[in-house]
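Trainee: I would like to go through the terms used for this structure.

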Amino acid sequence: MMKKLLISAGALALALGMATSAHADGKLKACWVYLGAIGDMGWTYQHNVGVEQVKKELGDKVETVVVENVPEADAAGPIERLARDGCNIIFTTSFGYMEPTLQVAAKYPKVMFEHATGFKTAPNVTTYNAKFYQARYVEGVIAAKMSKTGTAGYIVSFPIPEVVMGINSFMLGAQSVNPNFKVKIIWANTWFDPGKEGDAAKVLFSQGADIIVQHTDSAAAITVAEEQKKFGFGQSSDQIKFGPHAQLSAAVDNWGPYYVRRLKELMDGSYKSNMQSWDGMAEGTVAMAPFTNMPDDVKAMAQKTFDDIKSGKLEPFTGPITKQDGSTIGEKGKPLAAGDILGMNFYVKGIDDKLPQ
Amino acid sequence: MEQFYAIAITIIAASTPLLIAALGELVVERSGVLNLGVEGMMIMGAVCGFGAAYVSGNPYVGLLASIFGGIAMSILFGFLTLTLLANQVATGLAITLLGIGLSALIGESFVGQPIQRLPNFHGINILIVFSFVLTALVSWFLFRTRTGLMIRAVGDSHVSAHAMGFPVVGLRYACVAFGGACAGLAGGYLSVADTPQWVENMTAGRGWIALALVVFSTWLPKRLVFGAYLFGTISILSFTVQTMALGIPSQLLSCTPYLVTVAALVVISRNRQLLRANTPACLGQPFLADR
């Protein structure tokens, strides 16, 4: 019995020794879990750009580890492994990692967890997201100015609030210029299938749209726009290389500033967990590629819209907003509550599509 | 009219890679070999094609490279299944997994790079024309030439064919390589002509659809054209219907190409005689010469 106890005590000491050895060289170990591959040129790629910025700015003070291609269904294993391997902070970068992250976090209270785009927190779990819809509003303004047919084509993935708020924000931006602006919507039911996205773009152009917007991950749509001498917007990252004459701008996910800030906080002790962080243009998390292929007056207008949103002067979702069915939401002159935006499940007036429920 | 043409071109563009890849697999299966690695060979063709087009600056060089990329994978499949007599189903699946992983590794440095796309005339490029020429050629070759007869004989009864003195393994190697070339070219079509960019896993399951189309066509090239275009047409029309905002659930529209293809498969399978006459009897069976 005594012997057994001694052995356990020894094992415990060993485990503790190993756990502390991760800190021995004073380095913070920050780890990331990716849904896709870095080479997806979209969502995962942009998270990795953020990690690159961490490496550049914090250098040898931080050791970074990334794990690619982790399926949402089997995420608990890889996340727990990172926690066991001495990561001090773990960023899980897909919506579907929510439950596995919480599950592992409960077992490792000393490790900090940050879950992207989720809505459930815990003592050591923070969620972080970005107001990508802000950039969509600017795109809407540009589209309404640039479109000759008054119609944009919009390729979307799945009917989740994130996507729906993007469509609405885009339309509100467009309607601020042209109240009769139209949008044609195609649900591709995939985040990533270049062939399908390209086909959807071709169909939309053939149906009278002359500007393409997308909430899917590849650069296929912009290449189609380039070939057909139409316009479009890059998604997640600057896709100007694929549409030198077609890209008007692009919403760019810029996670670097957030990652750097959080790691610095963790190092100097000011880090707080159990929060819901939702940064936007003001913090630099939502950025836009240069405004290109448009006349100067449109460029100036786009820049002004961008600046106003950044400074807080303009909020895309300011009440009252008229829904598709004619009812309204929000108080006059006041921004919509964060919860209403994050759970958005309605179209604004002027969208002819029927929202899949 | 203009709108009709635009839709038609989109349908053709979506159907062509399916047709090319499926034609290759049809010849492979006619010789009695079941290669489930179409997706893997296709993605390797896509990455090799893109890489060569990127390095050389010439899309035609890219297409050539995509053919060789597909052949390389198919020869590996052939060596494992025809020489080492490994299980064809398992090996084919392994080739697909290998192709997806290997292509991601090779393509790492090509991500986010633009290339010059394959030229086209009002949306019609050389591969679209070639896919029809290839259909006619395969049909003629399989049913009107001596070698084609030999291939079908090997596929129906490799033991008899061997007894007749036909080089069973040699013919099968040739067919497997042809299948690889076609799958590779179909991949090259995607990365060099259709959406000129490289991204991981960009074939997104088209290899599997090509495989299904071969069965759908009851191993007849002309029907393959019908199958590929049926699938392509419904895929594109489902998008067109969406833009009309009729309120039909998009998920339902997204699965219609598959539903219709399955339905057509069921209808065709009801004609037992036709099916029996055309199904290669030795499909998927290993062949050992000295038996």
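Mentor: The talk below takes up a sheet, a chain contact and a helix pair.

Mentor: This is a predicted model, where local features need pLDDT of at least 70, side-chain atom pairs count only at pLDDT 80 or more, and totals for chains, interfaces and linings use all residues. Residues are numbered from 1 along each chain as its sequence is written, with chains lettered from A and ligands numbered from 1 in the order in which they are written.

Trainee: What is the strand order of the open sheet in chain A?

Mentor: The six strands run β2-β1-β3-β4-β5-β11, with parallel pairing. Strands here are DSSP runs of E, at least two residues; helices are runs of H or I, at least four residues; both are numbered from the N terminus.

Trainee: What makes β2 and β11 of chain A the edge strands?

Mentor: Each pairs on one side only: β2 covers 62-67, β11 covers 276-279. The twist averages 20° from one strand to the next.

Trainee: How do you know that β1(A) and β2(A) pair?

Mentor: Pairing needs at least two bridges found by DSSP between the strands. β1(A), residues 28-33, and β2(A) have six bridges, in the parallel sense. In one of them, Cys31(A) has Val65(A) of β2(A) as its partner.

Trainee: Which strands does helix α3 of chain A lie across?

Mentor: Helix α3(A), residues 76-84, lies across β1, β2 and β3 of chain A, at about 160° to β3(A). Such angles run from 0 to 180 degrees between N-to-C directions, with axes fitted to C-alpha atoms, for helices over the stretch in contact.

Trainee: How many residues does each chain bring to the contact between A and B?

Mentor: Chain B gives 33 residues and chain A gives 31. Contact means C-beta atoms, placed from the backbone, within 7 Å. On the chain B side, the largest share, six residues, comes from α10(B).

Trainee: Why are α2(B) and α9(B) called oblique?

Mentor: Under 35 degrees is roughly parallel, over 145 roughly antiparallel, 65 to 115 roughly perpendicular, and the rest oblique. Helices α2(B), residues 38-56, and α9(B), residues 206-216, pack at about 130°, with axes 7 Å apart. The pair is therefore oblique.

Trainee: Which residues make that contact?

Mentor: α2(B) uses Val38(B), Glu39(B) and Met42(B). α9(B) uses Arg206(B), Gly207(B), Trp208(B), Ala210(B) and Leu211(B).

Notes
Two residues are in contact if their C-beta atoms, placed from the backbone, lie within 7 Å.
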